[in-house]
Amino acid sequence: TKLSGEINIVALCSPQRSRELIQRALLENDFMKHLEMSQILTIMDCMHPTMLVQGCCVIEEGDDGSLVYVLEEGRVEVTKDGKKLCTIEPGKVFGELAILYNCTRTATVTALTDIKLWAIDRQGFQTIMMRTGLIRHSQY
Ligand code: CMP
């Protein structure tokens with residue numbers, strides 16, 4: 001499904017600058033920093049870019065989540081029950097909680113400016129986690 005205001009970008013591979021930003025964002029995230037480097041690199045390869053205009057709702061609290069995001073450009077605001085929790089700056093992961101914990105979205109995320117995001121879907125994300133786990137398991 002498409003978010004309103006979403007612009008598709010044709011990009012077969014991310015430029016080096018984007019790759020470094022995504023890698024740093026994943027390594028800094030509390031839940032992802034323990035992944036193996038091979039998993040981080042595969043997640044990076046599976047991410048696709050998206051741009052949204054200012055004011056767009058990226059994530060709606062209570063929805064079923066399907067994408068994990070890395071913010072590359074612009075700023076987003078996180079709110080819960082209408083109260084502001086924080087602002088997220090470029091180089092940060094968000095939208096990971098619903099996918100990691102298999103729960104509904106814990107907060108609403110809105111674009112404060114035009115934004116550029118990288119996204120990976122739940123299936124891709126979980127496949128990478130599982131495949132690496134299975135490979136590791138078969139080595140013991
Ligand atoms: P998720 O629950 O999938 O969707 C909403 C996202 O907002 C959530 O993942 C986190 O990435 C982010 N988020 C939720 N609560 C906070 C918080 N207190 N501080 C910063 N980010 C948050």
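This is a predicted model: local features need pLDDT of at least 70, side-chain atom pairs count only at pLDDT 80 or more; totals for chains, interfaces and linings use all residues.
A residue counts as near a molecule when one of its heavy atoms lies within 4 Å of it.

**Stop one: the ligand.** Select the ligand and bring up its surroundings: 13 residues surround it, and the closest are Gly-95, Glu-96, Ala-98, Arg-105 and Thr-106. Now show the polar atoms. At Ala-98, look to the backbone, where a polar atom is 2.9 Å from an oxygen atom of the ligand. For Arg-105, switch to the side chain: one of its polar atoms lies 2.7 Å from a ligand oxygen. Thr-106 also deserves a click, with a polar side-chain atom 2.7 Å from an oxygen atom of the ligand.

**Stop two: a pair of helices.** Next, select residues 16-28 for helix H1 and residues 37-46 for helix H2. Two packed helices are described by the angle between their axes and the distance between the axes. Here the axes come within 10 Å and cross at roughly 130°, so H1 and H2 are oblique to each other. The crossing of H1 past H2 is right-handed.

To see what makes the contact, show Arg-19, Ile-22, Gln-23, Leu-26 and Leu-27 on H1.

How values were computed: Residues are numbered from 1 along each chain as its sequence is written. Side-chain values use heavy atoms; hydrogens and water are left out. Axes are lines fitted to C-alpha atoms, for helices over the stretch in contact, and angles run from 0 to 180 degrees between N-to-C directions. Helices (H or I, at least four residues) and strands (E, at least two) are DSSP runs, numbered from the N terminus. Angles under 35 degrees count as roughly parallel, over 145 as roughly antiparallel, 65 to 115 as roughly perpendicular and the rest as oblique. A crossing is left-handed if the near helix is turned anticlockwise from the far one by less than a right angle, and right-handed if clockwise. Contact means heavy atoms within 4.5 Å. A polar contact is a pair of N or O atoms within 3.5 Å; within protein, one must be able to donate a hydrogen and the other to accept it, and residues adjacent in sequence count only if both atoms are side-chain atoms.
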